[in-house]
Amino acid sequence: MATYKKRGYKPKATKEKSETIEGLEQESTTAEVFNTLDEGANKAEDFVAKNQKGIFILIGVAAVILLGYLGYQKFIAEPKAEEAMNEMYSAQKYFDEAVVGTDKDSLFSLALTGGGGKLGLIDIVDQYGSTPAGNLANYYAGMAYLNTKDYTNAVKYLGDFSTGDAVLGPIAKGGMGDAFVQLEQLPEALEYYEKAITASTNDYTTPMYLFKAANVAQSLGENAKALEYYKRIKSDFITSDQAKNIDTFIGRAKTSK
């Protein structure tokens with residue numbers, strides 16, 4: 001009986017050969033990758049070996065800087081900040097008493113120069129200016145000078161005060177505006193009133209400095225700007241003290257155009 005031989009039997013060997021070639025190619029590619037990695041590793045090792053001293057020096061310098069910073073914060077900055085806060089207590093007490101008391105000039109002077117063996121605001125700024133208390137002392141000193149009519153120093157100390165506080169920030173800028181008005185520097189006064197307006201939006205400081213800015217703008221002949229500020233008080237802060245007679249001021253600004 002004849003036996004049937006299936007055609008295509010021999011091509012199977014060809015397929016296996018193809019798969020074998022592909023496998024060898026993959027192994028070759030993998031070997032090349034590992035060789036490349038080995039070469040890269042060897043180059044890195046050579047670089048480290050040749051530059052070991054320099055690398056260790058850089059690491060040492062970085063460690064010294066980090067430890068120095070941490071040491072400064074722990075043993076110098078933090079104790080200094082605490083000292084400044086202790087010194088501020090007495091000066092701030094004099095300031096608060098001056099605000100509500102009758103002998104204002106004397107109390108503001110004590111706040112500025114110190115009393116009872118304690119530092120005043122000026123010395124706190126000089127000795128602890130880099131601390132939070134030293135920064136706050138700039139604000140209190142500036143306001144004390146403003147209240148004692150030393151407007152140049154008021155501008156100086158308030159200008160050195162920095163804060164993101166929603167109330168103190170605008171008041172400091174507005175205080176500078178008040179000082180410039182007294183110094184008859186109206187363009188600068190308007191500039192700082194506008195800075196006070198943009199520093200924060202709230203129902204206390206914003207209408208107050210909008211009103212002051214509008215008045216100064218009118219004095220400078222900038223009636224359109226004055227009208228804009230008066231209208232904003234009426235539209236956005238109708239319950240504020242500045243809005244009580246705002247229609248009168250709007251009318252004056254319109255007739256001055």
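Reader: How many helices and how many strands does the secondary structure of the protein come to?

Author: Bear in mind that this is a predicted model. Its secondary structure comes to 11 helices and 0 strands. Read from the N terminus on, the elements run α-α-α-α-α-α-α-α-α-α-α.

Reader: What percentage of the residues in the protein is buried?

Author: A residue counts as buried when its relative accessible area is under 20%. In this protein, 33% of the 257 residues are buried. The accessible surface comes to about 16,600 Å², and carbon and sulfur atoms hold 55% of that.

Reader: What share of the contacts joins residues 24 or more positions apart?

Author: Take the contacts in the protein with a separation of 6 or more: 49% of them are between residues 24 or more positions apart.

Reader: Now a helix pair. At what angle do helix H7 and helix H8 pack?

Author: Helix H7 covers residues 168-182 and helix H8 covers residues 186-199; they pack at about 165 degrees, and their axes are 8 Å apart. Angles over 145 degrees count as roughly antiparallel, so H7 is roughly antiparallel to H8. The crossing of H7 past H8 is left-handed.

Reader: Which residues in H7 meet residues in H8?

Author: From H7 the list includes Pro170, Met176, Phe180 and Val181, and from H8 it includes Leu186, Tyr192, Tyr193 and Ala199. Lys173 and Asp178 in H7 also take part, as do Glu188 and Lys195 in H8. By class, the residues of this contact divide into 10 nonpolar, 2 polar and 4 charged.

Reader: What is there to say about the loop between H7 and H8?

Author: Start with the general idea: most residues other than glycine have a negative phi. Glu184 sits in that loop, and its phi is positive, about 60 degrees, although it is not a glycine. Glu184 counts as exposed because its relative accessibility is 69%.

Reader: Where is Lys149, and what is its phi?

Author: Lys149 is in the loop between helix H5 (132-147) and helix H6 (151-160). Its phi is near 70 degrees, a positive value in a residue other than glycine. With a relative accessible area of 64%, Lys149 is exposed.

Reader: And Thr205: is it buried or exposed?

Author: Thr205 has 0% relative accessibility, so it counts as buried. It lies in helix H9, which spans residues 205-219. Leaving out residues up to four places away in sequence, Thr205 touches Ala166, Val167, Pro170, Ile171 and Ser200. Pro170 is also one of the H7 residues that meet H8.

Terms used: Residues are numbered from 1 along each chain as its sequence is written. This is a predicted model: local features need pLDDT of at least 70, side-chain atom pairs count only at pLDDT 80 or more; totals for chains, interfaces and linings use all residues. Side-chain values use heavy atoms; hydrogens and water are left out. Helices (H or I, at least four residues) and strands (E, at least two) are DSSP runs, numbered from the N terminus. Buried means under 20% relative accessible area, exposed over 50%, partly exposed in between (1.4 Å probe, protein chains only). Contact means heavy atoms within 4.5 Å. Accessible areas come from the Shrake-Rupley method with a 1.4 Å probe; for residues, only the protein chains shown count as cover. Axes are lines fitted to C-alpha atoms, for helices over the stretch in contact, and angles run from 0 to 180 degrees between N-to-C directions. Angles under 35 degrees count as roughly parallel, over 145 as roughly antiparallel, 65 to 115 as roughly perpendicular and the rest as oblique. A crossing is left-handed if the near helix is turned anticlockwise from the far one by less than a right angle, and right-handed if clockwise. Ala, Val, Leu, Ile, Met, Phe, Trp, Tyr, Cys and Pro count as nonpolar, Asp, Glu, Lys and Arg as charged, and the others, Gly among them, as polar.
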